[in-house]
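Trainee: I would like to go through this model and ask what stands behind each label.
Mentor: Go ahead; the structure comes up here.

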Amino acid sequence: RPSDPTMTGKTQTSNVTNKNDPKSLNSRVFIGNLNTAIVKKGDIEAIFAKYGKIVGCSVHKGYAFVQYMSERHARAAVAGENARIIAGQPL
């Protein structure tokens, strides 16, 4: 019987980053110029988790969004990761 992926002991981050709550907009980070052929959701979360609690992360072709609990965390992530080279491309 295959193991249940929700029982791995690791909390899965939601894929929802497009909440309609206006307050959540300021705590969302757009990550552009992302090599999504190489960089996956888990990689994004590992890079951006040091700035605060991530409540959502969605990865699309060439870009991603990270939704934080607070605007302060989102601003810190932007300041810390802007122009960082990931998989050969500057964010």
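Trainee: What is the bridge partner of S58 in β3?
Mentor: The partner is F65. This is a predicted model, and that pair belongs to an antiparallel arrangement in which six bridges join β2 to β3, residues 63–68. I54 likewise stands opposite Y68 in β3.

Trainee: What makes β2 and β3 count as paired strands?
Mentor: The rule asks for at least two bridges between the strands. Six join β2 to β3, so by the rule they pair.

Trainee: What is the strand order in the open sheet?
Mentor: The three strands run in the order β1-β3-β2, with antiparallel pairing. β1 (28–31) and β2 (54–60) are called edge strands because each pairs on one side only. From one strand to the next the twist averages 15 degrees.

Trainee: Which helices lie across these strands?
Mentor: Helix α2, residues 41–48, lies across β1, β2 and β3 and runs at about 135 degrees to β2. Helix α3, residues 71–81, lies across β1 and β3, at about 25 degrees to β1.

Trainee: How do you know that the buried residues of α2 are on the same side?
Mentor: The residues in question are I44, E45, I47 and F48. They cover an arc of only 165 degrees around the axis, and that places them on the same side of α2. What covers them includes β1, β2, β3, α3 and β4 (85–86).

Trainee: Why are the buried residues of α3 said to share a side?
Mentor: H73, A74, A77 and E81 are the buried ones. Their arc around the axis is only 100 degrees, so they lie on the same side of α3. The elements covering them include β1, α2 and β3. On the other side of α3, R72, R75 and A79 are exposed. After the helix comes A83, whose phi is positive, near 75 degrees.

Trainee: Why is the pair of Y63 and F65 called edge-to-face?
Mentor: Two rings pair if their centres lie within 6.5 Å, and planes over 60 degrees apart count as edge-to-face. For Y63 and F65 the centres are 6.0 Å apart and the planes stand at 85 degrees, so the pair meets both conditions. The count comes to three aromatic pairs, and F30, Y63 and F65 form one aromatic cluster.

Trainee: Are Y63 and F65 buried, exposed or what lies in between?
Mentor: Buried means under 20% relative accessible area and exposed means over 50%, with partly exposed in between. Y63 has 29%, so it is partly exposed. F65 has 23%, so F65 is partly exposed as well.

Trainee: What is the mean pLDDT of the protein?
Mentor: The mean is 86, and 86% of the residues reach 70 or more. Over residues 1–10, however, the pLDDT is below 50, and beyond near neighbours in sequence this stretch has one contact in the model.

Trainee: How should coordinates be read where pLDDT is low?
Mentor: Where pLDDT is low, the predicted coordinates should not be read in detail.

Terms used
Residues numbered from 1 in each chain as written. Predicted model: local features only at pLDDT ≥ 70, side-chain atom pairs only at ≥ 80, totals over all residues. Heavy atoms only, no water. Helix = DSSP H or I, 4+ residues; strand = E, 2+ residues; numbered from the N terminus. Axes fitted to C-alpha atoms, helices over the stretch in contact; angles between N-to-C directions. Contact = heavy atoms within 4.5 Å. Buried < 20%, exposed > 50% of the residue type's maximum accessible area, 1.4 Å probe, protein only. Arc of directions from axis to C-beta. pLDDT = per-residue confidence, 0-100. Phe/Tyr/Trp six-rings, centres within 6.5 Å; stacked < 30°, edge-to-face > 60°.
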